[in-house]
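Here are my notes for a first look. Please keep the viewer open beside them as you read.

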Amino acid sequence: MAFEVATYTDVTSSEAIDGVDGFNFQAVSPGLTGEDRQRIREGLLHRVVPSWALGHDPLDHPPTCAFTVEGGRSYLALGRSTGTTNSGRPGNQVTQVIAASDPDDFVPYRPAQLYGARRWELEKAPGPELDPWVTPLEIRPEFEADALRSLVVDDEWATRVLPHFLTMVDEAAGPEPVKAVLLHTDLDTVMRWIALGTLFVDPERAQTLRFRALVDDPWRADAALVGVSPEFGPVDLDSANVLDLVGRTVPGIEPSGAAQARAELFLGHDAADALSAVETARRWEPALGPVASLDAARIVAVPGVDTGGARAWRTAVSAIDGLAGAGQEDDLALYGEELGDVAVTHGPTTDEEFTLAGRAVHSTHALGLDEVACGVLVPVLEALTAAPECAGAFARELSGAEKPLEWGSEEERSAAGAFLDNVFGSAPGDALPDLMEAARSIGAPLSQARLDEAVDELAKLWAGDPELGRDRWKRGPPPARRRLRGRRTRDRGRRAPRRLGPPRAGGRRPRTAWLGAGRPHRSTARGRTPRRGRLRAVRARRGMAVGHGRRPGGTGPRAVGGLDLPPRVLRGPGPEPDRGPGRYPQDRHGHRPGHGRLGAAPGGPHERAGPLAGGPCSRSRPRQGRPRCRARAGAGR
């Protein structure tokens, strides 16, 4: 990997790469394209301020530095004034530019740090062809991270304004950029501060963050970070965030909490460790937030930080939960062990803390990182033995797992089982349904005695209140499922009257199996009342009961709608058929003539249904040309 290089200045026709005299390219490397040259002409050349020569030596004009990204190519340029042109006019200059397509060419530095590269030569090249700059480049010591840290650590004013300056950089790099202006007459000083600020920006954003210095008017510069020399004259800066490096005043911007935390970390620790934590925090910021991400990154990136106590525990477990929820599997695989080590330094004591721990275990397990999940789970189960009243809050977060945890060692699994056994023995009864589901997700062994006790208690609990959950027993551990299934089947027989409880409205008792309570009947699930319920409703409206109105032998009056009507009226006109001794008349379907399906004769296929006079035979309705029932047809004649 390498940077392409170009030199631009006032040339003669023999010096120009294309034979055209005047301001032109004097030398380029082979990989610099015509499009590159056009972009350099349009926005990267050193610009001489015309008013400078009125009171200053033209050769003392401040140098310039500019960085931009166009069309996937990054360009960094340095320029200086060189006096008069070949024709004797003022305003001559020389600009050297490096270009790259791969952002990794800047690694391990940020673009502003390459202002301090040792290969810059702001002179005419010896010939028209330049060699590319092979990366990584060597830079001057004052632009290394340690030296940039010393820039603010050794200066009380700089230490004080660092949070303000980092807030300025954040706003300049944000979605709605606010221009950040640095005032000073020395380009080196301005570029060191710009390089310092970009160290705290996300690496990808730093590769595209434009800057330019030194200029006379920041509003004409297409850049978010701009260095302005006061020697060019006054300029309106009311709409910009300003860091006055000459007057050394405190910027008017209020520092953000994240900027203050980054500044504190940078000032209090080694530069490499602090910046590593800042970079990690930037990567975690979308999932955790600016402050929480930095607190978590401090744990994994800065040696010697305090990782004990409730605050560190909450930071680590929240980071595990947040990163897993955001799907940042690679970061959790890389830093999960360090974050998990903090989980053993504190035992949660409140519902809120146990809920957070359960959520972290569930989310990492769902992501397939069972090693991280188990690292959090074991100390939490141990803490739960001392706070069994929080068992429900913890267990609810573990419900719904598709499969149990996969333990890395049998020793760790057995330890979890021992803690879980104690929790089952002391947890409140209303937590048992959730604990049973959690036990399946945890996949640790329980003692048979404890399991028997829990199953019996759970069976009693659900028998007394079936609405606690429909079929939740099916998601418990296999031994518990077998015992609950047996208890369920056994209770359907011997204990049904006691179990079913008080009748519902209308005199009906609940149609339920105690663990399957709340399951809709297949006909009500389709929006219909069950058939038996419809029949009872019809009879209730007509004042009838099952078997109501039937007389022995079928010869007496029938009760229909509260009226006693003789059989002839019910059957309709026509001769009464021969019943035979002790038999009711029947059609070919076993139905009594003149009666519907509900009036089937004893011994017929519908004997269990009660009589409902006047309805047509449900199997004798004309359909697709089929003949009517003979009895029904005769009754209608």
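How many aromatic pairs does a search of the whole structure find? The search gives 12 aromatic pairs, and one of them is described in point 3 below. First, some ground rules. This is a predicted model, in which local features need pLDDT of at least 70, side-chain atom pairs count only at pLDDT 80 or more, and totals for chains, interfaces and linings use all residues. Residues are numbered from 1 along each chain as its sequence is written, and side-chain values use heavy atoms, with hydrogens and water left out.

1. Confidence. Helices and strands here are DSSP runs numbered from the N terminus (helices are H or I, at least four residues; strands are E, at least two). Among the elements, helix H5 (residues 187–198) has the highest mean pLDDT, 98, while helix H19 (residues 496–500) has the lowest, 37.

2. Stretches to read with care. Over residues 545–574 pLDDT stays under 50, and the model has 57 contacts beyond four places in sequence for them; contact means heavy atoms within 4.5 Å. Residues 579–584 also stay under 50, with 11 such contacts. Where pLDDT is low, the predicted coordinates should not be read in detail.

3. An aromatic pair. Rings of Phe, Tyr and Trp (its six-membered ring) pair if their centres lie within 6.5 Å; planes under 30 degrees apart count as stacked, over 60 as edge-to-face and the rest as tilted. Tryptophan 284 and tyrosine 335 have ring centres 5.6 Å apart and planes at 80 degrees, so they form an edge-to-face pair. Because tryptophan 284 belongs to helix H8 (residues 271–288) and tyrosine 335 to helix H11, the pair ties together parts 51 residues apart in sequence.

4. H10 and H11. Two packed helices are described by the angle between their axes and the distance between the axes. Axes are lines fitted to C-alpha atoms, for helices over the stretch in contact, and angles run from 0 to 180 degrees between N-to-C directions. Helix H10 (residues 309–325) packs with helix H11 (residues 329–342) at about 150 degrees, their axes 9 Å apart. That makes H10 roughly antiparallel to H11; angles under 35 degrees count as roughly parallel, over 145 as roughly antiparallel, 65 to 115 as roughly perpendicular and the rest as oblique. The contact includes Ala312, Trp313 and Ile320 of H10, and Leu332 and Leu339 of H11. By class, this contact has 10 nonpolar, one polar and no charged residues. Here Ala, Val, Leu, Ile, Met, Phe, Trp, Tyr, Cys and Pro count as nonpolar, Asp, Glu, Lys and Arg as charged, and the others, Gly among them, as polar.

5. What angle do H3 and H4 pack at? Helix H3 (residues 145–153) meets H4 at about 105 degrees, with axes 6 Å apart, which means that H3 is roughly perpendicular to H4. Leu151, Val152 and Val153 of H3 touch Ala158, Thr159 and Leu162 of H4, giving five nonpolar, one polar and no charged residues. Helix H4 (residues 156–172) also crosses H5 at roughly 65 degrees, the axes coming within 10 Å. Among the residues making that contact are Trp157 and Phe165 of H4 and Trp193 of H5; by class there are eight nonpolar, one polar and no charged residues.

6. Backbone details worth a look. The peptide bond from valine 107 to proline 108 is cis, with omega near 10 degrees; proline 108 sits in the loop between strand S5 (90–100) and strand S6 (133–134). Another cis peptide bond joins alanine 213 and leucine 214, with omega about -10 degrees, and leucine 214 is in strand S8 (residues 211–215). Arginine 248 is not a glycine, although its phi is positive at about 55 degrees.

7. Threonine 355. This residue belongs to helix H12 (residues 351–366). Leaving aside neighbours within four places in sequence, threonine 355 contacts Ala393 and Glu397.

Technical notes:
pLDDT is the predictor's confidence in each residue, from 0 to 100.
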